[in-house]
Amino acid sequence: MSDHHHSQVAFGHAMRQHFLLDPSYLPLNHGAFGTYPKSVRDRLRQIQDESELRPDAFFRYNLPKYIDSARTAIAAYLGVDAGECVLVSNATTGVNTVLRSLLFKEGDVIMYFSTIYGSCEKTVEYLKETTPVQGANIKVSYPIGDDELVRLFQERIKQLKSEGKRPRVGIFDTVSSLPGVRVPWERLVDVCREEGVLSMVDGAHGAGHIELMLDKVQPDFFISNCHKWLFVPRGCAVFYVPTRNHGLIRTSVPTSHGYKPFPTEGQERVFNPFPASENSDFVQLFQFVGTTDIAPYLCMDEALRFRQEVCGGDRKIMEYCESVSNEGGRKLAEILGTEVMDNPEKTLTKCCLTNVKLPLKIGEGEGDIKETDAFAVVAWIARMEFEEYDMFAPPFFHAGFVWVRLSGQIYLDLEDFVTAAKILKGLCERVTKGEYRSEKVA
């Protein structure tokens, strides 16, 4: 383990001494790729160095024990059994593992909201091309109340069943990406359970961000990145599957040595070059999934130790990140003369992300920005943030407006949001003058 001596440090700019961020960089997008403390970096390098001393011994004999230790640590953090948790590289891999493991029949439907993460929606599109499954996209425009979101989900289930279709699995976020808002995922899990639909919770913004209580909510499948909010290096995610559903997960993605095919007459045993394991078949699926750098997985203990010893524990971290995000969002909206995205119940902002409307009018009137230009505007603002101001907070187009998403984190303070507001105000003024018009869109 790391030799760093930990002592609690005040949140805000003083905390930046523990991170590797460039002093000139204004990091308002922690929610995208995260970052990790120097002590975690040291643990990462230590593991990588150890793996090079005796590669065969490391991967064949030491790695399984190290991964078991990491699984045990994250399982304890989540309050679930270690036998129900495995580690994968990212949330997209976890979602793919579930969707590619399920055997779909004619009439089966995958349900999801229109705010689903793009790569997950494309996975559904691929499965529609290659299996009998259909997709049901539930259109959502934020801000929206939790009751209304749940009602839309329930109504689509009823509609599909009335059409003779079978809603097989529902995908939804804990905190969605764009816009970055808290989703009533616990209630949606309950709806799925009542209606006989499998719940696939994309908790990419989950571990280290909000309280999860998986043992109480009991989703059918849950995946959360650990490299976003938990301070584990990229890429690392925890994939939680309760024991009752282990039989539904037949393979890792990609399929590797842990896969055990159903026995067929005359089939010869496929050789597994790795030592025998006492772990369950489910855990063994993910014990070795091709040769890759799994050092990030083995930094779990150090990341959790940092959160406790330097930061004072998860509650303090989450409270500060939510507070600075909310206060910063309100300040930014005040300076821009706009508003923060929230619903009357104020539940959308019960997380460490905030979304603020930019002072840009989308329409067909004189001086308006055409909706067909909205994505070019977003791309131009994003590029200017990097190139001219050494900051980043992702702009995006949603429900007829251009917004910006900002992440709260322990190394930020309110003044960082004020700085961002001034930069964004200037960029929006330049947009209205047409500077974005040569921007190319992917």
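Predicted model: local features only at pLDDT ≥ 70, side-chain atom pairs only at ≥ 80, totals over all residues.
Visitor: Why are α12 and α13 called oblique to each other?

Guide: The axes of helix α12 (residues 374–389) and helix α13 (residues 414–432) cross at roughly 130°. Roughly perpendicular covers 65 to 115 degrees and roughly antiparallel begins over 145, with the rest counted as oblique. The pair α12 and α13 is therefore oblique. The crossing is right-handed, and the two axes come within 11 Å.

Visitor: Which residues make the contact between α12 and α13?

Guide: From α12 the contact draws on Val-377, Trp-380, Ile-381, Met-384, Glu-385, Glu-388 and Tyr-389. From α13 come Ile-423, Leu-424, Leu-427, Arg-430 and Val-431.

Visitor: Why are α4 and α5 called roughly parallel?

Guide: Helix α4 (residues 91–101) and helix α5 (residues 118–130) have axes that cross at roughly 25°. Angles under 35 degrees count as roughly parallel, and α4 and α5 are therefore placed in that class. Their axes come within 10 Å, and this crossing, too, is right-handed.

Visitor: What makes up the contact of α4 with α5?

Guide: Thr-92, Val-95, Asn-96, Leu-99 and Arg-100 in α4 meet Ser-119, Cys-120, Thr-123, Val-124, Tyr-126 and Leu-127 in α5. By class there are six nonpolar, four polar and one charged residues.

Visitor: What makes β9 and β11 the edge strands of the sheet?

Guide: The sheet is open, with three strands in the order β9-β12-β11 and antiparallel pairing. Both β9 (353–357) and β11 (395–398) pair on one side only, which defines them as its edges. On average, neighbouring strands here are turned by 35° against each other, direction ignored.

Visitor: How do you know that β9 pairs with β12?

Guide: Pairing requires at least two bridges, and five bridges join β9 to β12 (residues 401–407). The two strands run antiparallel. Within this region, Lys-357 stands opposite Trp-403 in β12.

Visitor: Which strands of the sheet does α12 touch?

Guide: Helix α12 packs on the sheet and touches β11 and β12. Its direction makes about 165° with that of β11; angles over 145 degrees count as roughly antiparallel, so α12 and β11 meet that criterion.

Key: Residues numbered from 1 in each chain as written. Heavy atoms only, no water. Axes fitted to C-alpha atoms, helices over the stretch in contact; angles between N-to-C directions. Helix = DSSP H or I, 4+ residues; strand = E, 2+ residues; numbered from the N terminus. Left-handed = near helix turned anticlockwise from the far one by under 90°. Contact = heavy atoms within 4.5 Å. Nonpolar A, V, L, I, M, F, W, Y, C, P; charged D, E, K, R; others polar.
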